[in-house]
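The following paragraphs guide the reader through selected features of one protein structure. The sequence and the coordinates should be kept in view throughout.

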Amino acid sequence: SVALYAGQVAGSAASINSISVTYSKPSTPLTLSSVSPTSGSTVESFSSIRFTFNTTLKSVLKTDGVTISGPNVTNQKLTIGTPSFYSVTATLPTSLKNLDDGEYTVSVAAGTFNNNEGSTNQAFTTKFNVYAKRDILTYKSYSPTSGAQLDVVKIVYDQAIKVDDSKPATA
């Protein structure tokens with residue numbers, strides 16, 4: 001041990017000519033402040049997700065660090081943009097223009113992003129639901145007219161419809 005006093009050095013190293021002190025500034029951990037769409041939310045469509053952190057971002061360290069999983073999609077890599085101050089956006093690849101309805105999980109690997117002090121993010125996930133807005137169908141005509149026996153009913157709509165045979169029609 002060495003003790004410094006004005007005008008003298010005392011301790012087990014009496015022949016010290018100089019002392020160097022290195023101070024390391026404690027780094028601020030990089031933590032997620034918010035995400036959009038928010039965790040647990042329901043959106044009509046999804047093309048990108050925005051992450052906002054507690055400190056200014058410096059760079060993306062893992063270009064494959066953000067993935068999405070959900071109905072018919074498993075660990076699909078998102079394209080990560082250039083960080084802008086506290087935020088960065090990851091977008092769907094062009095091969096995934098429209099996601100099916102359902103719950104999706106976006107996962108961010110530990111060490112994907114870093115801040116100006118060298119701290120990296122911890123791994124995290126966020127979940128949201130996609131439920132596309134449905135058009136309201138309006139019938140233009142139907143046959144047979146009232147009073148006839150209704151073994152078969154033909155309904156003509158004002159637009160094309162997609163029939164999902166796995167889900168029976170309900171009144």
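In this predicted model, five strands form an open sheet with mixed pairing, and their order is β4-β13-β11-β7-β8. The edges of this sheet are β4 and β8, each of which pairs on one side only.

On one side, β13 (residues 124-130) pairs with β11 (residues 102-108) in the antiparallel sense, over seven bridges. Within this pairing, Val108 has Phe124 of β13 as its bridge partner, while Glu103 stands opposite Asn129 of β13. The pairing of β13 with β4 is instead parallel and comprises two bridges. Here Thr42 stands opposite Asn129 in β13.

The side chains of β13 can be considered next. In a regular strand, side chains alternate between the two faces of the sheet. In β13, the covered face carries Phe124, Thr126, Phe128 and Val130, whereas Thr125, Lys127 and Asn129 belong to the uncovered face.

Which residues lie nearest the centre of the second largest pocket? They are Leu99, Asp100, Asp101, Val130 and Ala132, out of eleven residues that line the second largest pocket. The space in this pocket amounts to about 150 Å³. Its lining consists of five charged, four nonpolar and two polar residues.

Most residues other than glycine have a negative phi, and most peptide bonds are trans. The peptide bond from Ser36 to Pro37 is cis, with omega near 10°.

Asn75 is not a glycine, yet its phi is positive, at about 45°. Is Asn75 buried or exposed? With a relative accessible area of 54%, Asn75 is exposed, because a value over 50% counts as exposed.

Phe85 likewise has a positive phi, of about 55°, although Phe85 is not a glycine. In contrast to a strand position, Phe85 occupies the loop between β9 (79-80) and β10 (87-91). Phe85 is exposed as well, its relative accessible area being 65%.

Terms used: Residues are numbered from 1 along each chain as its sequence is written. This is a predicted model: local features need pLDDT of at least 70, side-chain atom pairs count only at pLDDT 80 or more; totals for chains, interfaces and linings use all residues. Side-chain values use heavy atoms; hydrogens and water are left out. On a 1 Å grid over the protein atoms alone, a cavity is a set of points where a 1.4 Å probe fits but cannot get out, and a pocket is an open set with protein on both sides within 12 Å along at least five of seven lines; lining residues have an atom within 4 Å of a point. Grid points are joined across faces, edges and corners, and a volume is the space filled by probe spheres set on the points. Ala, Val, Leu, Ile, Met, Phe, Trp, Tyr, Cys and Pro count as nonpolar, Asp, Glu, Lys and Arg as charged, and the others, Gly among them, as polar. Buried means under 20% relative accessible area, exposed over 50%, partly exposed in between (1.4 Å probe, protein chains only). Helices (H or I, at least four residues) and strands (E, at least two) are DSSP runs, numbered from the N terminus. Two strands pair if DSSP finds at least two bridges between them.
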